[in-house]
Each structure stands twice: as C-alpha cells, then as structure tokens.
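This briefing sets out selected features of the protein shown below. The points are grouped by topic for reference alongside the sequence and the model.

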Amino acid sequence: MRTRAVLFLGFLSFASSAFAVDRWILISGTVSNFHTDARIFNPAFDKDIQLTATFYPTDGSAPLSATDINVSKRQMRIVDDVTTQLFNTTKLGAIRFSSADDFEVSSRIYAQTAIGTLGQFGPGTPPSVAKTRGVLLQLKASNSFHTNIGAVNPSSTTANVTWTLYDKASAVISSKTTPLPPLSTLAPTNMAGGFFFDPKGSDMSDAWVSYSSDQPILAYASVIDNGTTDQTFIPAVEDVGVPTPAPPQNTTKDFNVTLRSFAISISPDPSTLKSGDTAVFHIHVIEGPHTFTIMGPNGETIVPVTSPDPGKTIDRTFTVGAKGTYVYFCTNSFCGFGHSSMIGTFDVGEPTPDRGGGY
C-alpha cells in the first residue's frame with residue numbers, strides 16, 4: 001500500500017504542476033525573398049521568463065526544437081528571420097512557442113523587394129481557438145490578387161478536413177476532403193490554383209471558404225496583392241452552419257498485458273483507444289509476484305489491483321471515459337529491486353497537460 005500511495009502521489013504531482021502556455025505562429029519561413037520576423041512579449045513586471053519553441057515543417061520532416069529562449073520582465077524580444085535564428089533552417093512551417101508563464105508572440109511575413117513591402121502580421125494563436133467548423137471570408141482570386149489557404153493540426157490525431165469553396169454569389173464551386181496528420185502544417189496553397197479547388201471561371205473577386213473537420217484545426221487565409229506582394233492575414237471564424245461530423249463508432253478492443261521481472265508490456269499499443277471504446281485487458285504473469293492496476297487522468301482507479309497467479313490470466317473490462325494520460329503500474333513493492341521500473345503510461349486523445357511544461 002505504501003508503494004501504491006507513492007506512485008499515486010507522484011502521478012498527482014505530475015498532473016497538478018503549472019499549465020504551459022502555448023501560442024502558434026501558423027506560418028513562418030525564410031523562403032526565396034520572403035522572411036518572417038517574430039516578437040515575443042513578456043507582460044510580467046516582476047520576473048524574467050523562458051520559452052521553448054518547436055518548428056513543424058510543411059514538408060512533414062522531423063520537427064526542430066529551440067530551448068532557453070529568454071525574455072526579460074516587461075520586455076519585447078526581437079527575433080528577426082525567426083526560422084533561421086532559432087532553428088537554423090530555411091524551410092516553411094508553423095512554430096509552437098511554449099512557456100510556464102504568460103507571454104504573447106506575433107509575426108510579420110514580408111517579401112524583400114527593391115521598394116520594400118509591409119507584408120502581413122500574424123497573431124500568436126492559442127490552440128484553444130482551434131475549430132472543427134470554420135469559415136474564411138473576403139477572399140480574392142483575380143488578375144490583381146490571389147489567395148493562399150493554410151492550416152495547422154495542433155492535436156495528436158489526424159484531422160480529416162472537408163473544404164468547400166463559394167464564389168461571389170455564394171454558389172458552391174468545389175469541395176474536397178484532405179487529411180491533416182497530427183501536429184502537421186498545411187503549406188499555404190493557392191485557393192484557385194487547382195490544389196484545393198477549380199474555380200471554373202466563376203467570379204472569385206469576393207469568395208469564401210468553409211471547412212468541417214473531425215478534429216479542431218487552426219486555419220487561415222492570406223490574400224496577396226500580385227503587384228506589391230503585400231498580404232492580408234484572415235483567420236478562420238466559427239461556422240455554426242456546418243453540420244457536425246458524425247462521431248466515430250465506438251468499438252471493443254483487446255489487449256494482452258504481460259508482467260515479468262521487471263517490466264510491463266501491453267500489446268497492441270493502448271494509445272489507439274478512444275473515449276467510449278470498450279477495453280478488455282487480458283492480464284497474465286510470466287514470473288514474479290506482480291500486480292497490475294490502471295489509474296485515469298484524474299487519479300481515479302480504472303482497473304483495480306489485479307494479481308494473477310503465474311501462468312494464469314485475469315480479464316478486466318472497462319469503458320474508456322475521459323481523454324488524457326492513463327498510468328499503469330505494479331503495486332507490489334516486494335516484487336524485487338526492479339519494482340520502480342514497472343510503470344508506464346498511454347494517452348487517450350490529447351495527453352494530460354504536463355503541468356510542469358507568399359504566405
């Protein structure tokens with residue numbers, strides 16, 4: 001019981017430290033003659049803050065990380081050419097800034113030309129404003145203007161997004177469904193260039209786009225002046241008129257839990273579980289006097305302490321409830337010196353926050 005209490009308290013400590021603050025720059029890069037400058041603001045009067053940043057390239061390659069980004073109290077840090085300065089890359093992608101303290105970030109994306117350009121300003125976007133249903137208004141496609149559409153999937157689940165283009169008369173021109181992998185960035189793409197839509201000669205001088213997704217995403221548009229290359233940033237607003245996608249069917253999934261000295265293995269990966277699924281855990285011991293239990297994201301017992309005899313199997317069935325991080329472990333502190341390694345986690349949907357951390 002002492003060991004179980006220690007593990008439980010450790011889990012609560014993990015779950016109750018300070019929430020991280022996240023802000024996304026939805027598109028950034030040093031590409032061709034385009035550059036991105038960022039500004040990070042620390043609103044505190046009494047403390048310096050530290051941030052980390054992760055760059056998610058549009059080409060789907062591995063994310064790049066930057067740590068120890070310091071901003072003094074009541075200061076704005078200037079980070080010009082942010083992708084090259086922080087990540088030493090000239091790729092195009094989105095940036096997620098994170099800190100245990102409050103902060104704000106903004107960006108300016110512009111083209112370097114002989115006469116100079118103002119470019120467009122992009123806000124630091126919190127993941128909380130991600131939407132499953134959105135609309136992008138006041139878009140243009142003509143000889144003088146074109147519109148790029150981009151998006152970020154801030155979740156750990158693939159988002160299947162249906163985009164629908166409407167012309168000036170609000171007539172449907174085209175519709176297409178595209179998958180957006182977890183934590184990925186959809187590169188800004190010409191609305192009328194054939195990737196999303198074929199406008200078929202329609203009047204696109206004042207067009208709009210709606211989208212519906214089975215996961216919340218951060219979507220935006222950039223209306224670009226073809227003469228000056230200056231851009232106008234257009235964030236998505238809520239579209240309450242789009243039907244909510246049908247929820248996925250809940251299923252029953254079986255998992256084999258093997259206890260040995262000193263490890264717990266679960267097959268297949270229980271991170272495939274979703275809220276509402278029925279999970280059947282077949283628990284068996286190969287060696288040692290081991291036990292098994294699962295605790296939920298809020299510290300609740302999901303699978304009670306289970307103690308199969310060696311060579312025997314005990315089944316435990318439960319319906320998956322809350323999203324978050326689930327912890328499993330052996331509660332028998334007398335099983336041997338390797339007992340402390342018999343612990344693991346899996347996530348259902350979003351993990352429990354680590355309350356510790358031409359565009």
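Aspartate 81 is partly exposed, having a relative accessible area of 23%. This residue sits in the loop between strand E5 (76-79) and helix H2 (82-87), and its phi is positive, at about 45 degrees, although aspartate 81 is not a glycine. The model is a predicted one. In total, the protein contains two helices and 24 strands.

**Overall composition**

- The protein has 359 residues, of which 46% are buried.
- Its accessible surface amounts to about 16800 Å², and carbon and sulfur atoms account for 54% of that area.

**Backbone features**

- Glutamine 138 is another residue other than glycine with a positive phi, here near 60 degrees.
- Glutamine 138 belongs to strand E9 (residues 131-139), whereas aspartate 81 is placed in a loop.
- With a relative accessible area of 64%, glutamine 138 is exposed, because the cut-off for that class is over 50%.
- A cis peptide bond leads from serine 261 to phenylalanine 262, with omega near 0 degrees.
- Phenylalanine 262 is located in the loop that runs between strand E17 (252-260) and strand E18 (263-267).
- A cis peptide bond is also found from serine 267 to proline 268, where omega is near -5 degrees.
- Proline 268 lies in the loop between E18 and strand E19 (278-285).

**An open antiparallel sheet**

- Four strands make up an open sheet, with the order E21-E20-E23-E24 and antiparallel pairing.
- Strand E21 (301-306) and strand E24 (343-348) are the edge strands, and each of them pairs on one side only.
- From one strand to the next, the twist averages 20 degrees.
- Strand E20 (residues 292-295) and E21 run antiparallel and are joined by three bridges.
- Phenylalanine 292 is positioned opposite threonine 306 of E21.

**Salt bridges**

- The structure contains six salt bridges, among them the pairs described in the following points.
- Arginine 23 pairs with glutamate 104, and their closest N and O atoms are 3.3 Å apart.
- This pair links distant parts of the chain, since arginine 23 lies in strand E1 (residues 21-29) and glutamate 104 in strand E7 (residues 104-111), 81 residues apart.
- Arginine 23 counts as buried at 15% relative accessibility, whereas glutamate 104 counts as partly exposed at 37%.
- Arginine 108 and aspartate 37 meet through their side chains in a salt bridge, with an N to O distance of 3.9 Å.
- Distant parts of the chain are linked here too: arginine 108 is in strand E7 and aspartate 37 is in strand E2 (residues 34-41), 71 residues apart.
- Arginine 108 is partly exposed, with a relative accessible area of 22%, while aspartate 37 is buried, with a value of 8%.
- Aspartate 277 and lysine 253 form a further salt bridge, in which the closest N and O atoms are 3.4 Å apart.
- Because aspartate 277 lies in the loop between E18 and E19 and lysine 253 in strand E17, the pair ties together parts that are 24 residues apart in sequence.
- Aspartate 277 is buried, with a relative accessible area of 2%.

Notes: Residues numbered from 1 in each chain as written. Predicted model: local features only at pLDDT ≥ 70, side-chain atom pairs only at ≥ 80, totals over all residues. Heavy atoms only, no water. Buried < 20%, exposed > 50% of the residue type's maximum accessible area, 1.4 Å probe, protein only. Areas by Shrake-Rupley, 256 points an atom, 1.4 Å probe, with all protein chains shown as cover. Pairing = 2+ DSSP bridges. Axes fitted to C-alpha atoms, helices over the stretch in contact; angles between N-to-C directions. Salt bridge = Lys/Arg side-chain N within 4 Å of Asp/Glu carboxyl O.
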